[in-house]
Amino acid sequence: MNVNSWSENLVIEHWPKRDPNSHKGNHGKVGIIAGSQLMPGAAALCAGAAVESGAGLTAVNTVRTVIPIVAGHVPEATFYHRDDDLNGFMEGKDVIAAGPGLGRLSDDIIEDLITNFDGPLVIDADGLHELRSHEVMIRKRTAPLIITPHAGEMARIINEDIEYVTGNRYKSAEKLAMDYGIYVVLKGPETVIAEPDGTLWVNHTGNAGLAKGGTGDVLTGMILSFIGRYDDIQPAVSSAVYMHGYAADYLIEHDEAIESVTASKVIKALSSSFERLIN
C-alpha cells in the first residue's frame with residue numbers, strides 16, 4: 001500500500017501563481033448543483049467556499065425559491081433554475097460539483113452528469129446515495145470523478161458497516177478508488193485521498209470543530225475551486241483538503257472555541273489562512 005502525507009511544503013510547491021494579466025475565465029469556470037427548499041444553506045456554503053477559494057466564475061444551479069437566499073450570501077455567483085436544461089448548465093464549465101443539500105430525489109441529475117459531463121465531476125452528500133447503481137457508467141467515464149464521502153456514506157457505497165470503514169480507512173479508500181477508477185476523499189480525522197491507481201495521500205490538518213453540519217459543503221466548494229485553478233487533480237484535491245483543515249486550525253489558534261467553529265467561519269478564515277501559508 002502506497003501511503004503518503006500531503007504536507008505544507010507540497011501545498012506551497014503546487015500552489016498556482018496568478019498571472020497579473022489573467023482574467024476571470026483563467027481561474028476556473030465552476031458549476032454547483034446544490035440546495036433544496038429545506039436545505040438552502042448547503043448551496044450557499046458550497047458557493048461561498050468556491051468563490052473565496054479563488055474560482056473565477058461560479059454558477060449555481062438550484063431551486064427557484066433558494067436563489068435569492070444564496071444570492072444574498074454569495075452575490076458573486078450567477079444562477080440557473082433547477083428546472084432549466086441541465087445540458088445548458090454543463091456547457092462551458094471546467095468542473096462541476098453536485099450533491100450538497102439536493103435531497104434524495106437527485107439521482108437523475110447525478111446519472112446525467114456522470115454520463116454526459118466531460119469534465120472533472122465532484123459528487124458529495126445526497127449525490128452519493130445511489131452511487132453504487134451507477135458503477136457501470138462510472139467505469140465508462142474518461143474524465144475524472146471525485147467523490148467525498150464520510151464514513152457512513154462510504155459504508156453504503158461499499159456495502160459494509162461503518163465500523164468496518166472506520167477500522168479500515170486506507171484499505172476502503174484504496175479499493176474503491178481502484179475498483180471504480182475514481183478519486184476518493186474519505187473524510188474524517190486525517191482525511192484520506194485515494195487516487196485511481198491506489199496511491200494514498202493522508203491529510204494531517206483540521207480539528208474536531210469540523211464535526212458540524214455544513215463543513216463538508218465548504219470542502220466540496222473548495223475542491224471544486226481548486227480543481228478549476230490547478231492543472232492536475234490530485235494536488236488540487238489534496239491541497240483543498242489541507243487548507244480546509246488549516247483554516248479550522250487557524251480559527252482555534254486565534255481564540256475560537258472548538259465548539260464554536262462553524263462552516264461559515266471556516267469560509268471567512270480562508271483568506272487569512274491562504275495569506276499566512278502561501279504569501
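This is a predicted model: local features need pLDDT of at least 70, side-chain atom pairs count only at pLDDT 80 or more; totals for chains, interfaces and linings use all residues.

Colleague: Is Thr199 buried or exposed?

Modeller: Thr199 sits in the loop between strand 9 (192-194) and strand 10 (200-202). Its relative accessibility is 11%. Buried means under 20%, so Thr199 counts as buried.

Colleague: With which side chain does the side chain of Thr199 make a polar contact?

Modeller: Beyond its neighbours within four places in sequence, Thr199 is in contact with Asn2, Asn4, Ile193 and Ala194. The polar contact between side chains, at 2.9 Å, is made with Asp197.

Colleague: Which helix gives the most to the lining of the largest pocket?

Modeller: The largest pocket has a volume of about 750 Å³. Of its 35 lining residues, Lys187, Gly188, Leu210, Thr215 and Gly216 are the closest to its centre. Helix 7 (151-158), helix 10 (215-229) and helix 11 (233-253) each give two or more residues to this lining. With four residues, the one that gives the most is helix 10.

Colleague: How many charged residues are in the lining of the second largest pocket?

Modeller: The second largest pocket has a volume of about 330 Å³. Its lining comprises 17 residues, and those closest to its centre are Trp15, Pro16, Lys17, Arg18 and Arg229. Helix 12 (residues 263-278) supplies the largest share of the lining, four residues. By class, the lining has four nonpolar and seven polar residues, and the charged residues number six.

How values were computed: Residues are numbered from 1 along each chain as its sequence is written. Side-chain values use heavy atoms; hydrogens and water are left out. Buried means under 20% relative accessible area, exposed over 50%, partly exposed in between (1.4 Å probe, protein chains only). A polar contact is a pair of N or O atoms within 3.5 Å; within protein, one must be able to donate a hydrogen and the other to accept it, and residues adjacent in sequence count only if both atoms are side-chain atoms. Contact means heavy atoms within 4.5 Å. On a 1 Å grid over the protein atoms alone, a cavity is a set of points where a 1.4 Å probe fits but cannot get out, and a pocket is an open set with protein on both sides within 12 Å along at least five of seven lines; lining residues have an atom within 4 Å of a point. Grid points are joined across faces, edges and corners, and a volume is the space filled by probe spheres set on the points. Ala, Val, Leu, Ile, Met, Phe, Trp, Tyr, Cys and Pro count as nonpolar, Asp, Glu, Lys and Arg as charged, and the others, Gly among them, as polar.
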